[in-house]
Structure formats: structure tokens, C-alpha cells
Amino acid sequence: MDIPASYSEAIDLSLDLPDWHRRYVIARTFVRAMPCIFSQPKRTRASEPPITLKHLLNLYRAALLLCVATKMGPVVVRIDSLEKLGLPGGGAKYDISISAKNAARCAVVSDRHDIRICSELCLSDSMAAVQKYRAENPGRTDTLAASRQLLTIEVAGSSDPDDLDFSAPLWPELTEFPSMDRSFSGAGLPKVHLPEDAGPDFLNTPFWHDWYWGIVSGKPLDWILQRRVAEIEDSIWKEGPEAVAAEIERIKAEFHRQPADKQRFPKHEPNSVSRLIENRVIASASLQSLAAQVAQSVERFHAETGANALPEALEPISSLPGMLLAVHAALQKAPASENTSVEAEDQLKAEIGRLNAKVAQLESELKRASTSKPSVFSEAFKKQLGTSLGDWKLYAALCGGLWIVSGDTAGMQRRLENIAYFRDAIFGEVSPSPQGTPASAHVPAEGSIEICPSRPAERPGRA
């Protein structure tokens, strides 16, 4: 793609990029615009709401969510406190704060917002913040002015996931950078030559200092650690910077302890992941889409029923979004090349094994519920579930998505047919499957099912 002639054209073109490329562009553009929060125009209205530590915290949170979603897939977390926080001041401060809301919306699994619209608004407001900053702080605009050119270059770049790497410095041509340093005072941006020269940020939390400079310098913190921080519950973020700082320290201490190996399920691990790695662009998109659809169904269940927990028979579904995204993250570490490490392949096999084991648990729970007398679900509750966790469309998506990830194996084919069959037995009257779906294609057989036999079975309909 040719480099767009303007940043407005770049924003329009970004909307047609693959999800992972669009998020990459948005994440880097937003982080470049973050320091606009410190804009100090000569004239301000006395009635303008001031910047608070919560505004700064939300700015960091939105940027973290967006970077993690770019690298590892959408984050399954609520962002109500970020959505509800009032906006500060006017001008550049206001625009970057509203951009933060749309940045977060682009990064989380939710059906409340149109991702394309949120993407466009995030980029537009980030660029508007840069423009207003230049007008409000004359003489200190060179760093942010580069943001517009970098936006056009990154939109025109390769969409290959291997090329969309945060190891590239945020401002590759500059030798001094905007800082979020709390020792700064006066108009314009605090600027430093090296991350080591920057003092503590306004939140006085080492994590945010290290996180920001990791992105700026192209040396990001460990992505698993970043994801765990991004997944902190919204209720903690709502409490404010001190509560979040305490939770981050707890997460860091747990993360840096010598970890015990996660439980593995060799029976459920595939013999090979080479086909998945070779087709990882399609597989990654499928994993992210399926995780989003499952999470949205869980969210809809909570909204429609008011229940805090899922019914026991459907509880395994709550773990699927995170597990699907864990497979996605492992797949990103295994690039399609002859140099794929044995460790990367092994981690991918392990994550798929955990996912398959959870699917097996779902099959078992649904079988038990479908044969229970009396039924574990009342007729009224079935009707409620029919639009969320019992909806045939959810199970059709699960069957298709899990097939792609787990491989063409007779065991997985049987398991997915069983799940569809048991769903039909429980929810068929309130959410009937259309003709041609796999819901009643198979009457389940007794006995255990092997997930990954040494010779994969052919898909139905193949020659």
C-alpha cells in the first residue's frame, strides 16, 4: 500500500486493515498522544474539571489494554469504571481522555460497541489532541508532530503479524522523547534522552514508569505480566491508583515466583501443530472471534438474568474465552517458519490440550444435565438461557471454531457432535437448530473418546 497523503486518509484506510494490524496502528498512535494530557493552554475556563489521578490511571489502563489486545488478542474484562469517569477540561486534555475510552473499547471483548466506529474515533481524537496540543503549547511540538507521519507509515506497512512488533521504538527517528515524569512543571512536554533519566510518574507506581518506557523504547515488559495487569477486575480500578498499585505488586510478586508447571493434559494434546502454525493468520482471527462471541454470550446471560455465576452445567463455558486467547497468544510465539522453536510448539500443544480438556468437561456436564430427571433447568430459565448460553448460534460457532484449532480428528468431531446433541436435548425447544446444523447429526455413543488419535479422520464431505 502507498503511504497515505494525509493522516485523515490514513484513518479511513486503517478501518479496512485486518483487526491485528488496525489495533497495532491505534495502540502506537494512542501511546504517542498520551502526553497531551499535560497540555497547559494559556486560557482555561474556571469551570473546567481538573485532571485527577484517576484520569491518568485510565489513560494508562486504556493504553495497556490496547497494547495487550494487539499482541495477545482482546482482553476479557469489564471497563465500566473507565466508561463512567467524567472527562477533564477542554482542548487536548479532553480529546486524549475521550480517545482513551474508545481505545479501551477496541481492546476488550464486548458487544456493546462497534469496533470500527471506536477505532475511527480513537484515532481521530488522538490526532485532534496532538493538533490542539500544538496550538495550546507553541514551541514544544516537534515530538508530537511526528505522530502524524508515523501514523501514515504504519497504516501503509505490512499486515504480516511478524512485522507488527513492539520491538520497534515508538519514535524511531528521535533522540529525546516525551515523558510522563511527575517532576515536570511548566508549559509543553517534559522530554528526556533516555528512559533512565525520567523520574517517577504522577501515579508514583514503578510499573507504569517501566511500562511506558518499555513501549517507547521498543523493550516492552513481559507480555504475560502485562496481560495479568490488564485483567485486573474493574472494581479494583474503580477504587483508584492506590488499590491498583497494590494489586499490581501482588501480581508481580506472584509472577516472579518460581512458577509451578501448569497442569497438562497429554491425552488432549494434538500430535502436531504444524498445520495450525502454517495457517496462523486465519486461525488467530478465528480464535479471537470465537473468544469474543463466547464472552458476549456470558455477558448477555449476566445482564438478562442478574445472576453472578453460571449454572453448574454451563460453568466450563466461562473459562473458554481466556483459554482461546491463551492458544492465540501461544500461536503468536510460533511464527510460520522453519525456525519455530520446539519450546514454542510445545507451549502451543499444551494450551490446546487445556482447551480440549475444558471442552471435554463441557461435554460431560451437558450430558449429565440432558439426562437429569427432573431437569436441572426450569422451563422459564431455559427460555432465558435460549438467548445466551443455550443459543444454538453459540454452539454452532463453538463447533466450527474448535474444529479449526483442534485438528481434523475423529475424537474431536465426535465430541463436538455430542455437545451439539446435548444442547439440542436441553434447549432445542426454546432455541431450535436450523436444518443442516450439526445439532442432531449424531446420537452419542457410550465410552471415552480419544481427542487426538495418531491418524486424523477425514472431515465429513471430503473426498
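Trainee: How many aromatic pairs does the structure hold?

Mentor: The structure holds 11 aromatic pairs, where rings of Phe, Tyr and Trp (its six-membered ring) pair if their centres lie within 6.5 Å, and planes under 30 degrees apart count as stacked, over 60 as edge-to-face and the rest as tilted. This is a predicted model, in which local features need pLDDT of at least 70 and side-chain atom pairs count only at pLDDT 80 or more, while totals for chains, interfaces and linings use all residues. Residues are numbered from 1 along each chain as its sequence is written, and side-chain values use heavy atoms, with hydrogens and water left out.

Trainee: Why is the pair of Trp208 and Trp211 edge-to-face?

Mentor: A pair of aromatic rings is described by the distance of the centres and the angle of the planes. For Trp208 and Trp211 the centres are 6.4 Å apart and the planes stand at 80 degrees, so the pair is edge-to-face. Both lie in helix H8 (residues 206-217), 3 residues apart, about one turn of the helix; helices (H or I, at least four residues) are DSSP runs, numbered from the N terminus. Tyr212 and Trp213 form another edge-to-face pair, at 5.3 Å centre to centre and 80 degrees between the planes.

Trainee: Which helices do the buried residues of H9 pack against?

Mentor: Contact means heavy atoms within 4.5 Å. Helix H9 is mostly covered, with 6 of its 8 residues buried, namely Trp223, Leu225, Gln226, Arg227, Val229 and Ala230. These buried residues pack against helix H3 (53-72), H8, helix H10 (234-239), H11 and helix H14 (320-332).

Trainee: At what angle do H9 and H11 pack, and which residues make the contact?

Mentor: Axes are lines fitted to C-alpha atoms, for helices over the stretch in contact, and angles run from 0 to 180 degrees between N-to-C directions. Helix H9 (residues 223-230) packs with helix H11 (residues 241-256) at about 145 degrees, with their axes 10 Å apart. On H9 the contact is made by Ile224, Leu225, Arg228 and Val229, and on H11 by Ile248, Ile251, Lys252 and Phe255.

Key. Helices (H or I, at least four residues) and strands (E, at least two) are DSSP runs, numbered from the N terminus. Buried means under 20% relative accessible area, exposed over 50%, partly exposed in between (1.4 Å probe, protein chains only).
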